[in-house]
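Here is a report on a sheet and the cores around it. Please load the model before reading on.

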Amino acid sequence: MTDQVHHAIKKSRHYDTMEKVIRMPRYSRNVVQSLITVCSSVADKYPKILQRSETDKHYVAASWRRGNDPIQVRGHAGTMLSSAYPIAPLVGSEVIEETRTHQLPTFHPISPLIDLLRYSVYKESHNFPGFFEGCAHPHAHTLYIFDDHLWTRKRISKGLHSKAIMFAFGNALSRARLQYGVDADIDLETPIVSQGVATDGASFSFAVVQLNTLRLASDDGIKNMVWLDADNLLYDDQYPQDIKIVKSNKRKKTRKWYIKKMITKRDPEVGCQELNMDIFRKFLALYVHGAEH
């Protein structure tokens, strides 16, 4: 399978277009799609994989209150892999009960909502899992989030990690709201699990959220759970990057001849170096999760 993964990366990073530089919004999506195609080759061992579907620009909306603050997660986040079956809980009731005594960290006197955007909304309780009634695959399995806007990789840990966690949580919460009602304030008998993968095309971060309760307003009671495995470099990216060197020359406005684009010729043998198959195995593990039985 190593050759298949290597070919999938080459296909997305070298042979995808005739342009000199393939930009991150394009190749981050194409790398994921190519890796999903490689993962689907194990369908003979895991037949439940065939009972799934993909949706590009999947829309989800989830609303809740934290104290007196209304919070919403909504938007077209990425590509959704949905399934006919929900993912089984990762931990049992005993481990969930132990979270009652867990003390959540505080940012006092800084508000934990400091980095969230403020919006004026006309429908405060807006919940939609992205699936209409009668959908053959109504359960959110894994949401793949791409680096469409943050072109600098130094910001991936601050942007995409939180986005993967928030939308994975939103997928699970919107499903719970649909199942138990918008005003339900209960602990779930069967926890809901949702997964998220965030990538810039070379580095991958994996997030798994288990929704245990709908009592979200306070710190009391059992807690919801999240696992994050961040900054997994699949390969050493030596492909040309879409970046610029700008010389200001102490001018208020940079002249065009001071801007130099760093463009070099793509080389399929040099671009993808030090392929780490352990990272792909993590990608594959999240893909086949829930199809083992």
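In what order do the six strands form the open sheet? The order is β1-β4-β5-β6-β7-β8, with mixed pairing. This is a predicted model: local features need pLDDT of at least 70, side-chain atom pairs count only at pLDDT 80 or more, and totals for chains, interfaces and linings use all residues. Residues are numbered from 1 along each chain as its sequence is written, and side-chain values use heavy atoms, leaving out hydrogens and water.

Strands are DSSP E runs of at least two residues, and helices are H or I runs of at least four, numbered from the N terminus. Two strands pair if DSSP finds at least two bridges between them. The edge strands, β1 and β8, each pair on one side only. β7 and β8 run antiparallel, joined by seven bridges. Here F204 stands opposite N232 in β8.

A nonpolar core joins buried (under 20% relative accessible area, 1.4 Å probe, protein chains only) Ala, Val, Leu, Ile, Met, Phe, Trp, Tyr and Cys residues through side-chain atoms within 4.5 Å. The largest has 30 residues; F204 and F283 are among those touching the most other members.

α5 gives the most, with eight residues. Counting contacts as heavy atoms within 4.5 Å, and skipping residues up to four places away in sequence, F204 touches residues including L35, N232, L234 and F283. A second, separate core of 28 residues includes A62, M80, A207 and L211.

Notes:
Buried < 20%, exposed > 50% of the residue type's maximum accessible area, 1.4 Å probe, protein only.
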